[in-house]
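Thanks for making the time this morning.

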Amino acid sequence: MKQTHGEEALVLVLLACLTACTDPVTTTTGPSISPDVRTEPASNPERAALTRIARLVAVSMDNEPARQQLKRDLRAAPFREHKLQLGTYLYSKDGRTLLDRMVAAGGGTEREVLATLSAVRPLEFYMPVAKHRESWTGSADVLVASQLDESEPIVAFDDKGREVALDVKAAPEQPTLSIVPVETRFDQPMSAAGSRNVRDNGGNAIGTLERMVPKGSSLIDCGETCGGGGGGSTTPTVPPGLYLEFSRILDLKEPWTRGDPEIEVHIQGPRDATSPTSGIDLSCSGEHANQYAKVFNQDNGFWEGRVLLFSRDETNAFIAKFSQGFHVLFWEDDNDPCVLKLDSNTLVGVLTSTATAVSTVAIKVLPGATPNIIAAVFLGSFFASAGDWLLTNDDFVGAAVDQATAGYYYPGNTHVIMDGTTLNGRATIVYRP
């Protein structure tokens, strides 16, 4: 994902203004940056630019006013994990304190810092680990980590500019800020009236923003009140259809530098009666689903509640046209919510390996007064308009497979989640008439 045209234009306007209206801003050199850091290869200038930005932010954290200002601005960001869009923030009045410190730390000019930032795709800046975000009060022991792509090592620094080795699989105990490519829809902030900040150390820490749902709703955001991963249900009545009521995912496919995962469940089935082996996306359930009954938020390995996957009308319309079943696919979606962008050939290969190993990779709802769910054999050969889709960071978590057919048995569960031939979790999927 490259930098958008609008952001490139904004940087050019800022640089032109700086050149035409003022002399280059030169400041005294701030705390020295240790030369004992990695040298990025010339073949990856974007990674080199991100490394320099991360180091400048880290060294800026040696200043108490700068840390406190940043903590206040993060806390004010209207998103669950209180994310800031780094470029927009540095160009704003609130971000001026941090930008000035970055300029001082680099011993150069504001124009040079902005030019370095413009060499990197759009970035988000926040404290991704909940226990850090909910306990850090602005102390000087903070690290700054950066990661361009999920497959890359983390590059992190302390406030002296020294590189710090961090494990991509386990977050450090030390409070850590993260700079990574944008995954958040910054045009969709959480409502101030419909959300509350929690676990913020009495207002002294950043905290976590949770959505409040009116009483009587069929779905609630559990927050601190429910077990599992941030979702649950109080369901006196539910619309009929296919439901997910429990999921346990072993590998969420999201490194800790990227914060909470964006787990979505997609129904994928045949495109039309004339193309019975061609698959398209038929339904999506997730945090940003377009139907309220399909909204849920799984932000750790466990989730328990009740979320609609496929309504009765959708199910009946499907089984009226197709004799085979459909896929129930779990995704960690790093891009547009409920929009899959992927290499379709790779997905088909993964599903084929699952089908070969366990004889099935789909489920089917049998119609009747009490609909029943059975194993099925559908295997989509490609997605509609697959040629128009892009290779992105959407991560396939696994396909729901009937646990008995797959040779597993977990009391209380109905399906296992298979990533190719690897068991990646279990789930309870039921039809509620």
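Accessible areas here come from the Shrake-Rupley method with a 1.4 Å probe, and for residues only the protein chains shown count as cover. On that basis the chain exposes about 18500 Å², of which carbon and sulfur atoms supply 54%.

Before going further, please keep in mind that this is a predicted model, in which local features need pLDDT of at least 70 and side-chain atom pairs count only at pLDDT 80 or more, while totals for chains, interfaces and linings use all residues. Residues are numbered from 1 along each chain as its sequence is written, and side-chain values use heavy atoms, with hydrogens and water left out.

Of the 433 residues, 52% count as buried, meaning under 20% relative accessible area, with exposed being over 50% and partly exposed in between (1.4 Å probe, protein chains only). There are 10 helices and 18 strands, taken as DSSP runs (H or I, at least four residues, for helices; E, at least two, for strands) and numbered from the N terminus.

Turning to the interior, a nonpolar core is a set of buried Ala, Val, Leu, Ile, Met, Phe, Trp, Tyr and Cys residues joined through side-chain atoms within 4.5 Å. The largest one has 40 residues, and Leu177 and Ile179 have the most contacts inside it. Helix α2 gives this core its largest share, eight residues. A second, separate core of 27 residues includes Leu242, Val365, Val397 and Ala400.

Finally, Ser311 lies in strand β12 (residues 302–311) and is buried, with a relative accessible area of 16%.
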